[in-house]
Amino acid sequence: MNNETQTRFPEANYIDPGLPEYAENPCIAALPPIMDEYSVVKLLTQRPSISEVEKYLPGHIRVHVISRLTKNFFQPLTTHLHLERKLSLLIRQGYLGRNPKYPDFKKHLNNCYQKIIKQDLEVYVHDDVDSTASSMSVVGISGTGKSTTFNIILKTYPKVIYHPDYNLIQIPWIKVDCPHDGTLTEFCYRFFMALDRRLNTNYRQKIGSGRPSIGKLIAELANLCLIHAVGLLVIDEFQHMNLAKSGGEKKMINFLVTLVNTIGVSVILVGTPKALPIFAGEFRQARRASGEGSIVWNRMPYDESWDDFIDEMWSFQWLRNMQPLNEAIRNKLYELSQGIADIVVKLFCLAQARSILLAQSADDEFISVELLEDVFEEEFSTVGPMLEALRENNERKLRECADLVLPDIEGKLLNTFDHLKKQTVTKPIIVETGDAEESGFATSALKALTAMGINQDIALPLIAESIQNNPNLTLIQVVHAVTSLMTITEQEQKPKNNRPKMALVKSSNWGQLNGDDLRKVQFVKTATMYESLVESGFIYPVENLLAG
């Protein structure tokens with residue numbers, strides 16, 4: 001990599017990290033400041049945008065809004081904060097033994113280079129520099145937010161830092177997903193490709209040509225970690241690693257431990273319960289002297305953490321008759337999801353979609369216990385064995401279960417409302433047709449609407465529908481049609497007749513109805529029905545008149 005290539009990377013901006021040993025190391029001083037707990041919570045918290053007016057959009061438009069929740073809702077818990085602290089420590093501690101300001105750094109490079117030439121990372125050359133790197137494992141079932149948390153935290157660190165004074169290109173972290181049914185060879189190739197994307201190089205093609213031996217691939221991987229000052233290697237989905245094809249469990253684990261102890265790169269292995277035998281066996285024994293231990297990423301317990309999570313999530317509803325959250329709903333959500341965040345969020349989204357689909361009027365749009373049960377039974381059958389193992393707290397069965405594979409919720413949401421469109425679409429609605437004039441027209445309308453504060457995911461389908469219904473509309477007419485729909489009031493959406501249609505609700509759910517519904521009075525009464533009606537204001541207390 002030449003100097004011209006290096007200048008394309010951001011140059012190091014050295015700050016005082018707060019510790020003298022950190023400040024003296026350029027690789028650490030170039031990293032962002034160490035975050036306090038408040039900063040971590042602020043970083044991890046994600047919320048989708050929501051607007052009251054969006055509740056009165058047509059159903060097939062609202063589905064686009066509901067899907068925001070699956071992408072932009074994240075509530076940090078204690079486990080997430082614990083992970084950020086450990087990850088911050090692993091990156092910085094690993095660099096303590098690799099300081100480019102000191103002669104030991106070049107000695108370390110020369111020692112490792114000789115081992116790489118011999119394609120044996122364990123061969124003795126001469127006295128090695130002590131490694132300060134460490135390792136850690138994170139294990140938890142799918143859907144609990146492991147990968148999401150890692151991605152958010154890692155993005156706070158630069159991908160590449162160039163140190164012109166030391167002619168050094170530093171990569172603070174790199175994350176590699178293990179391929180399904182993968183081998184150590186395939187893992188090495190994935191590492192090379194990840195590095196190529198980061199540096200715009202061609203290591204995969206250069207190293208992988210000619211069917212190299214596994215020894216050469218491992219040596220080249222270590223060499224690249226060394227010369228590019230990789231601080232942390234995160235290996236996700238480690239349960240996919242086929243240890244038998246990799247040459248045995250010991251070979252794979254020894255390679256990772258040698259990467260820590262010899263090259264000085266900190267390593268984090270992330271996996272599901274399928275990887276527990278590895279994490280609890282050879283890997284733990286190999287790193288017991290310097291490892292940072294492990295994090296067991298459990299589901300949310302049924303305590304105040306769950307209550308806080310559900311309270312936050314419940315407010316993101318696009319239903320026109322949003323009901324207050326009650327204990328029956330809270331209990332049912334936990335029973336069905338077993339505290340797995342990804343499942344409960346997607347169940348919540350599908351329940352909203354189903355409620356809109358089945359509603360005969362605005363008053364029918366609310367979430368009930370029966371609705372949650374029906375949606376879960378129809379859409380989440382594939383995760384049944386895993387959830388049953390969680391309900392039974394059966395660790396053996398949990399390890400035997402296949403990885404949790406959630407259904408394609410986004411696809412199901414989009415398909416739910418196909419038949420709700422007012423007109424049959426005889427051909428696909430395409431805003432960008434390829435025709436310069438027509439595409440420019442649609443683009444102008446989109447720019448105008450987004451400038452007015454309307455989200456793009458709402459504006460696009462409305463523009464497409466307007467053009468489909470009347471291709472001769474002018475630009476201002478399209479904008480007017482969309483903005484008119486966005487400003488519809490709640491009163492305009494309700495039925496014109498004074499007697500709204502009575503919704504059919506099971507007697508067990510009468511407690512969730514509005515306070516002016518006689519069925520709710522019957523459900524919650526603690527005295528006679530007459531006394532309850534008087535207390536609720538349905539019957540005037542005539543004795544007050546007689547007393548006068």
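Start by selecting Cys178: its relative accessibility is 3%, so it counts as buried (under 20% relative accessible area, with exposed meaning over 50% and partly exposed in between, using a 1.4 Å probe and protein chains only). You're looking at a predicted model, where local features need pLDDT of at least 70 and side-chain atom pairs count only at pLDDT 80 or more, while totals for chains, interfaces and linings use all residues. Residues are numbered from 1 along each chain as its sequence is written, and side-chain values use heavy atoms, leaving out hydrogens and water.

Next, pick Cys225, which is buried too, at 0% relative accessibility. The closest cysteine sulfur belongs to Cys188, and at 9.9 Å that is too far for a bond. Searching the whole structure turns up zero disulfides (pairs of cysteine sulfur atoms within 2.5 Å).

Now show helices α10 (residues 184–199) and α12 (residues 214–227), whose axes come within 10 Å and cross at roughly 30°. Helices here are DSSP runs of H or I, at least four residues, numbered from the N terminus; axes are lines fitted to C-alpha atoms over the stretch in contact, with angles from 0 to 180 degrees between N-to-C directions. That makes the pair roughly parallel (under 35 degrees). Zoom in on the contacts (heavy atoms within 4.5 Å): Cys188 and Phe192 are among the α10 residues there, and Leu221 and Cys225 among those of α12.

Last stop: Phe309, Met313, Leu333 and Ile367. Within the largest nonpolar core, of 55 residues, these touch the most other members (a core is a set of buried Ala, Val, Leu, Ile, Met, Phe, Trp, Tyr and Cys residues joined through side-chain atoms within 4.5 Å). Helix α18 (residues 341–358) gives this core the most, 10 residues.

Conventions
Helices (H or I, at least four residues) and strands (E, at least two) are DSSP runs, numbered from the N terminus. Angles under 35 degrees count as roughly parallel, over 145 as roughly antiparallel, 65 to 115 as roughly perpendicular and the rest as oblique.
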